Structure formats: structure tokens, C-alpha cells
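Work through the exercises below with the sequence and the model in view. Each task is followed by a solution in steps.

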Amino acid sequence: MHLLADILTTAPAWVNHIIQPISRWLHIVATTLLVGGTLFFELVLPIAIADLRKEDQLYVFARARWVFRWVVWISTSILITTGILSLDRLWQTYHTPMVRGGFPQSLPWAIAHMALGAASIVIALSLTIGGRPPKHPIRWMRVNLVLLLVAVVLASTSRHVRLTIYENLGPPPYWMNLQHHPSGEQGHGILGGPQARSVDANGAIQSRD
Amino acid sequence: MDIEPILKILARWFHIVPACLALGGLFFIRIVFPIAARQWPADQREMAYLSLRRVFKMVVHTCVLLLLISGTYNTIVNWKIYSLHRGLMHGLWGMHLILALAVFAIGFWLLAGPRPPASHKKWAAISLGLIFILIALAGTLRYARDAYGHAG
């Protein structure tokens, strides 16, 4: 089912060490271009060209939209591809029961991140597809900017919950495969060794030592 | 209520979003705008570029402040883990910091004064390349942090 997670579990560590940082890098770069470009398009450009004649303003907007369309399309493709890779890799951790005193599972935050991300991608594509922009493009860009900023918060929250789970339960299997320090020393979390703890049915942390 | 998780999440957000604004803005001003304004008369293009630059300067200064504050907080929070594997993580963190300071310095220099220096296009492209490397270093550092120790 989770093909990538299975592959990463059995693959040599160096494969993970290359693929995962590159995937993250692409996801972040695509996000920065989309969020920063949208903000620039929506907030900075109108102020910068406010002194121009109306027809010149419209010309700049139309040309900038034509160029920015490529940024949106390429960023969207990268975000969807790398997002699917991350989702497949992290799927099992999203279902880990949360320990007492923390956030609930990571899954709802991840789903909210995906939903908002998908909504903002749809808005961005609808603003750039076709010869003419839809009605009220600036208003839609503002909505999109807010959605993107909230999506970033949700991604951070999802990650924080996931890491809190790691700290209490130990990392999932594919991390175990990565935790070989060049010196041969086994990696370990700050709250103890990997798989050092578990939770009981009530959500209480149990040591496995 | 434990405020630490909220602080960690906010610090990440205030690190990622200013980075988005700075990189996205630089990409827009260096790549998108010149193509969009290609067919304009030179004087009009220059005027619009200077207006963009003036607004972008305010964005960049705010972003640098937020990046420094959130970056300092993130470093303090994660320092324990960085100390677990100094060779790898201090190398990545140090390079990330040095490149960030270099990009800030180039940015301040390019945006100082009412007009940009003559070689501003070349330096803006160099900054763009440095930021891409910077993000790669940050992503690798985070990956190493997740793999060797698990903190915010």
C-alpha cells in the first residue's frame, strides 16, 4: 500500500539521505515562490505601479500574470509530487496514538494542511489559466495568500505533533533505518533511545527498558 | 497551559514566511518583472523598477528582523541536538548562518540609497542562487535533526 515507505525502509541509508532532503528542498522552494510571488503580485506590485497610467498598470499586470503563470504551474506540480512523497513516507506516523498531555494525532493537522494547500492551488490555477483573469482577481489573491499562510502554520503544527510523538514513542521504522551515525554509533532521541518508550491503552508513557 | 509548543510553531512560521517573502519577492523583482516590463520604454521601466525596489526594501528589512529573531530562538531550542553530532550539524548550521548573513549583507547593499548599484542584476542573481543553497542546507539540517534526535 505505502510503496515509498516500504522502499525507504529497505533502501540503503544513503538513498534516504539524498531523496528526502531533495524532496523537502523542492517542497520549500516551490512554497516560497508561490507564497512570496503571490504576496508580491498582490501587495507590492500595485503600490509600485500606482503612479502609472491606468492602461500601463493593466499592461504590467497582464504581462506579470503571464509570466507568473509558469511559476504557479511548476510550483504546483512540485508541491503535489513532493507532498505525495512526504504523505506516503509519514503515513504511519500520522496514525500513532498521541501521548498524554500533548496534541491529538498528527493526522488532522496534516489533512487540514493538505486541504488548504489544495484549495490555494485551485485558486492559483484558476487565476492564471485562460486569457483573462476571473472577476475580482486581487480579492481572490488575498484569500489565497491567507490560505497559504495558514497552510504553513498547519504544516508546522503537524510536524511538531509528529516530533512530540517521536520523542515519546521513538521513531517509526524507516527512521530506525537512518539512525546509523558514520561512527557506527546508534542515533537517539533527546528523551531516550529509539523505541525506548511506548504508550498504554490510557495514553500513559511506558518505558520499555 | 504549556506555551512552549505554541512558541516553537510560531517561531517556525515566522522563519518560513519571511523566507518565502524574501525569496518570492527577489524572484519576482529579478525574473518576473523584467520579463513583464520588457516592451516598455526604458524610462518607464526604470521608474516602475525603482518603485518596486522602494516597497521591496521595506519588506526585506522586516523579513531580516523576523528571520534573525526566529532563527535565534530555533537555534537555542535545537542546540542540544546540534551538539549530539557536532561535525555534521554544526557544519550545516554554520554554513546556513554564514550564507544567510552574506545574503542579508548583499541585500542591504543592493537596496541602500535611492538607486541600485550598477551591477545589481548580477548580485541579485547571485543572492537568488545563495538562497536556494541556503534552503537546501536548512532542509538537510532539519533532516539530520529528525534522524539523530527529535526536537522542535
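At 3% relative accessibility, Cys63(B) counts as buried (buried is under 20% relative accessible area, exposed over 50%, partly exposed in between, with a 1.4 Å probe and protein chains only). This is a predicted model, in which local features need pLDDT of at least 70 and side-chain atom pairs count only at pLDDT 80 or more, while totals for chains, interfaces and linings use all residues. Residues are numbered from 1 along each chain as its sequence is written, chains are lettered from A in the order in which they are written, and side-chain values use heavy atoms, with hydrogens and water left out.

**Exercise 1.** Find how many disulfides there are over all chains.

Solution. 
- Take the rule: a disulfide is a pair of cysteine sulfur atoms within 2.5 Å.

**Exercise 2.** Describe what chain A and chain B bury between them, and which helices of chain A supply the side that touches chain B.

Solution. 
- Count contacts (heavy atoms within 4.5 Å): 57 residues of chain A meet 49 residues of chain B.
- Take the buried area, the accessible area (1.4 Å probe) that two parts lose on being put together, summed over both. For chains A and B this is about 4,900 Å², with 73% on carbon and sulfur atoms.
- On the chain A side, the most area is lost by Trp25(A), Phe40(A) and Arg159(A), together 13% of what that side buries.
- Helices are DSSP runs of H or I, at least four residues, numbered from the N terminus. In chain A, H2 (13–48), H3 (54–94), H5 (137–169) and H6 (173–178) each supply at least two residues of the side touching chain B.
- H2(A) gives the most, with 21 residues.
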